[in-house]
Amino acid sequence: MTRKVRLPTGELRSMRKTRPAALGYILLCDVLTLLVLGWALLTALKAGDVFRVSMGYHVYLFVLMLAARLMAFSLGKANVTLDTPVIVASMFFLGPAATALVILPSWLGDGLYKFSRQEAPFTPDRTVRYRISRLFFAPLVTAFLGYFLAVGVEEVSLAAATSSEFLRLGAMVLWVTLVFIVVQYCVVLASYALDGIPVGVLVRETLLPGLVTEIALVPVAILLVSLLQLENPYPFLVLAFAYLVIANIFQRLASARQQTLRTVGDLQRLVRAGERVF
């Protein structure tokens, strides 16, 4: 869920000079989310209400979330980040504070990896101030949303022994996922709209394809949440591992497809150049 936003390629050249409104919006979001989230985490720490389950779950979900983000791949004009089911599962299982503490380092780790490789939006033609503010922007917004949505589902039972309980849990997971991805996409895409990209382009090329791909992952989130049982963690561990394996396969297929498209494009240019010569 994004997050990593796939920008419309046709608009990228016009975005090199950051508009003050966009930078101001990003900095404002950084400061507000940091202050509110910091206060909430300190309050939870003083109350001893941070880590409610075994530390092994926190580590496993952190690794799962980070790996899912690093395995993101392009599907048409949408960028599939694969970590939304893990984030939603964390909301239902870890509690508000722990969810935020798992999201922050995993998203920052992914951002630092892209920052070091100078991938968008951390390209070198951007100012250092913009790149650093953008580095913290999505992690703080996502952790903020994760915290407060987890507060709303604290009393939801994870039991799914009967069909009615499973349907109720599934409906709740679907609702939380929809709220999460819609709010997150809107907050993040607003920064690009303020930077000059037309809203219609963002909606058509990023928001709608992204929502479709994120909603397609809701069944995975439902299964992860329903399997998070303290008495028997192994089905969840196996499903999560299989999810990463399948994600890796899809990422490799997507990379091979992109390479094939680039090769075909190079061949077409060579053919056109040969036609002009001969």
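Residues are numbered from 1 along each chain as its sequence is written, and side-chain values use heavy atoms, without hydrogens or water. In this predicted model, local features need pLDDT of at least 70 and side-chain atom pairs count only at pLDDT 80 or more, while totals for chains, interfaces and linings use all residues.

Visitor: In what order do the elements of the chain run from the N terminus on?
Guide: Helices (H or I, at least four residues) and strands (E, at least two) are DSSP runs, numbered from the N terminus. The chain has nine helices and two strands. Written from the N terminus on, the order of the elements is α-α-β-β-α-α-α-α-α-α-α.

Visitor: What percentage of the residues in the chain is buried?
Guide: A residue is buried under 20% relative accessible area, exposed over 50%, and partly exposed in between (1.4 Å probe, protein chains only). The chain has 278 residues, and the buried part of them is 46%.

Visitor: Which residues does Met91 touch, not counting residues up to four places away in sequence?
Guide: Contact means heavy atoms within 4.5 Å. Met91 is one of the core residues that touch the most other members. Beyond four places in sequence, Met91 touches Thr99, Gly146, Leu149, Ala150, Val153, Val176 and Phe180.

Visitor: Is Leu82 buried or exposed?
Guide: Leu82 is placed in the loop between strand E2 (78-80) and H3. Not counting residues up to four places away in sequence, Leu82 touches Ala68, Met71, Phe73, Leu217, Tyr243 and Ala247. The relative accessible area of Leu82 is 6%, so Leu82 is buried.

Visitor: Are H2 and H3 roughly parallel or antiparallel to each other?
Guide: Axes are lines fitted to C-alpha atoms, for helices over the stretch in contact, and angles run from 0 to 180 degrees between N-to-C directions. Angles under 35 degrees count as roughly parallel, over 145 as roughly antiparallel, 65 to 115 as roughly perpendicular and the rest as oblique. The axes of H2 (residues 55-70) and H3 (residues 84-93) come within 10 Å and cross at roughly 160 degrees. H2 and H3 are therefore roughly antiparallel.

Visitor: Is the crossing of H6 and H7 left-handed or right-handed?
Guide: H6 (residues 163-194) and H7 (residues 199-216) pack at about 155 degrees, with axes 11 Å apart, and are therefore roughly antiparallel. A crossing is left-handed if the near helix is turned anticlockwise from the far one by less than a right angle, and right-handed if clockwise. The crossing of H6 and H7 is right-handed.

Visitor: How far apart are the axes of H4 and H5?
Guide: The crossing of H4 and H5 is right-handed. H4 and H5 pack at an angle of about 160 degrees, and the distance between their axes is 8 Å.

Visitor: What is the phi of Gln118?
Guide: Gln118 lies in the loop between H4 (96-116) and H5. At 42% relative accessibility, Gln118 counts as partly exposed. Most residues other than glycine have a negative phi. Gln118 is not a glycine, yet its phi is positive, at about 55 degrees.

Conventions. Core = buried A, V, L, I, M, F, W, Y, C linked by side-chain atoms within 4.5 Å.
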